[in-house]
Amino acid sequence: MNFMLGITFSDWTKLLIENKFSVSPKHFSDAFKITAMSIINSRMKKKEDKIFYEKIKSVEIKDPIFIIGHWRSGTSLVHKLLSLDSQFAYPNLFQVTHPHTFLYREKAIEKALGNEKAEKRPMDNMKVTFKDPGEDESAISVLSLRSPLVSWGFPKNNNFYSSFHTFENAQKEDFEKWKNALLLFLKKLTLRYDKTIILKSPVHTGRIKIFLDLFPNAKFIHIYRNPYDIFNSTKKLYNKMLPTTFLQKDEMSNWEDYIIQNYKTMYKAYFDQKKYIPKENLIEFSFENFEKDKLCFIKQIYEKFSISDFDSFEPRLIEYLKSINNYKKNEFNNIDDLTKKKITENWDFTFSKFGYEI
């Protein structure tokens, strides 16, 4: 799903100017579709602002729960399991792809797509509908244009957008755009649900200090996985997904180095900033252990954060876990020696910290 389909016309114009209108002929039809949708989104945004703008301004956001960890480490499954508890809220796939207009449009979409069948995600065959949890960074990228996810559309400008992983080397004005977009999106979700929001976006892993400055009592669930498996699975994710979002010609082989550098940047920042999280507000576990007993680890999250009513939630959780018992994980080819050397040279610090063998 191309997250740019939720952009407004003015922001789409800014993005094209920023990237010198560099769209490859192969993707002219995609750009035309985004342009058409952006005009509709702009009109819908005016209607939404007219109805909700004043209400949004007065909203106070409850301290969120952040699920962090690199792509393909199990964060999506943890997000899905916690989303089954009605005491929490979460951004769904429609909301993260239409952040400007979901307050105005969502009821009509629910009515139109209420009986929509779940479809399998191309990267891992997990079944999802528009109501399933989505990554809030997708919404923030549309609202701010200041996210590494924007490079999934404009890969030639990857170096520029990559600076928004941690914002350590970004301009202050770019950070402010991203921060304001985050707060706006969370206010809209809070207005919609008035509950604690559970957020999951892998890029957040290197932004701990930013979130603690905004939400001092935020909770963090960190799940990690064998780095070799992370590389293989992320490579498959990119091979399946990025060709559907690119607006410029790019070689997929370029993204192997991107995976390696991104992971290194993300976890260097995480380990530097982890110390700022109060111990009672952080829980960490491996994907491999989580996979063996998902129910046990979800229960540990509730106990760690003193979340009430697990006993009431447990039957629904068990029912869902039974429904995915037959899910089969992807199988991967062995990593070639040269790539393996790059991984171990750049990621050696995570192998030791997480307890995996090189």
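How many helices and strands does the secondary structure of the protein chain come to? I looked this up before anything else, in what is a predicted model. I found 15 helices and seven strands.

**Overall form**

I then checked the radius of gyration, which is 20 Å for the protein chain. The globule rule gives 21 Å for 358 residues, so I note the chain as being as compact as a globular protein of that length. The C-alpha trace spans about 50 × 50 × 40 Å along its principal axes. I counted burial next: 54% of the 358 residues are buried. For contacts between residues at least 6 apart in sequence, I get 81% joining residues at least 24 apart.

**Surface and charge**

I looked up the accessible surface of the protein chain, which is about 17600 Å². Carbon and sulfur atoms account for 49% of that surface. On charge, I have 57 positive and 46 negative side chains. I also placed the centres of the two sets, and they lie 4 Å apart.

**Cores**

Which residues touch the most other members of the largest nonpolar core? I list Trp 12, Leu 15, Trp 152, Phe 154, Phe 220, Tyr 238 and Tyr 267, in a core of 79 residues. Helix α11, residues 254-273, supplies the largest share of this core, with nine residues. I noted another core apart from it, made of 26 residues, including Leu 77, Phe 88, Phe 297 and Tyr 320.

I went through the contacts of Phe 220, leaving aside neighbours within four places in sequence. Phe 220 is in contact with Phe 66, Ile 68, Ile 208, Phe 211 and Leu 212, among others. Its contacts also include Ile 277, Asn 281, Leu 282, Ile 283 and Phe 305.

**Helix α3**

I checked helix α3, residues 75-83, for burial. Eight of its nine residues are buried, so I record the helix as largely enclosed by the rest of the structure. The buried residues are Thr 75, Leu 77, Val 78, His 79, Lys 80, Leu 81, Leu 82 and Ser 83. Of these, I had already met Leu 77 as a member of the 26-residue core.

**Tyr 258**

Is Tyr 258 buried or exposed? I find a relative accessible area of 8%, so Tyr 258 is buried, the cut-off being under 20%. Tyr 258 has its place in helix α11. Not counting residues up to four places away in sequence, Tyr 258 touches Pro 148, Ser 151, Trp 152, Asn 158, Ser 162, His 165 and Tyr 238. Two of these contacts, Trp 152 and Tyr 238, I had already listed for the largest nonpolar core. I also took a C-alpha separation: Tyr 258 and Asn 232, 26 residues apart along the chain, are separated by 13 Å.

**Leu 191**

I located Leu 191 in helix α8, residues 172-193. Leu 191 counts as partly exposed at 29% relative accessibility. Beyond residues up to four places away in sequence, I find Leu 191 touching Phe 52, Lys 55, Ile 56, Val 59 and Leu 103.

**Pro 278**

Where does Pro 278 lie? I place Pro 278 in the loop between α11 and β7 (282-286). Pro 278 is partly exposed, at a relative accessible area of 26%. Between the C-alpha atoms of Pro 278 and Pro 315, 37 residues apart along the chain, I have a separation of 31 Å.

**Positive phi**

I looked for positive phi values in residues other than glycine and noted Lys 20, with phi near 55 degrees. Lys 20 is in the loop between α1 (9-18) and α2 (28-57). I read a relative accessible area of 73% for Lys 20, which is exposed because it passes the cut-off of over 50%.

Ser 306 is another entry, and its phi is near 55 degrees. I find Ser 306 in the loop between α13 (294-304) and α14 (310-323). Ser 306 counts as exposed, at 64% relative accessibility.

Note on methods. Residues numbered from 1 in each chain as written. Predicted model: local features only at pLDDT ≥ 70, side-chain atom pairs only at ≥ 80, totals over all residues. Heavy atoms only, no water. Core = buried A, V, L, I, M, F, W, Y, C linked by side-chain atoms within 4.5 Å. Buried < 20%, exposed > 50% of the residue type's maximum accessible area, 1.4 Å probe, protein only. Helix = DSSP H or I, 4+ residues; strand = E, 2+ residues; numbered from the N terminus. Contact = heavy atoms within 4.5 Å. Rg over C-alpha atoms; globule rule 2.2 N^0.38 Å. Areas by Shrake-Rupley, 256 points an atom, 1.4 Å probe, with all protein chains shown as cover. Lys, Arg positive; Asp, Glu negative; His and termini not counted. Charge placed at Lys NZ, Arg CZ, Asp CG, Glu CD.
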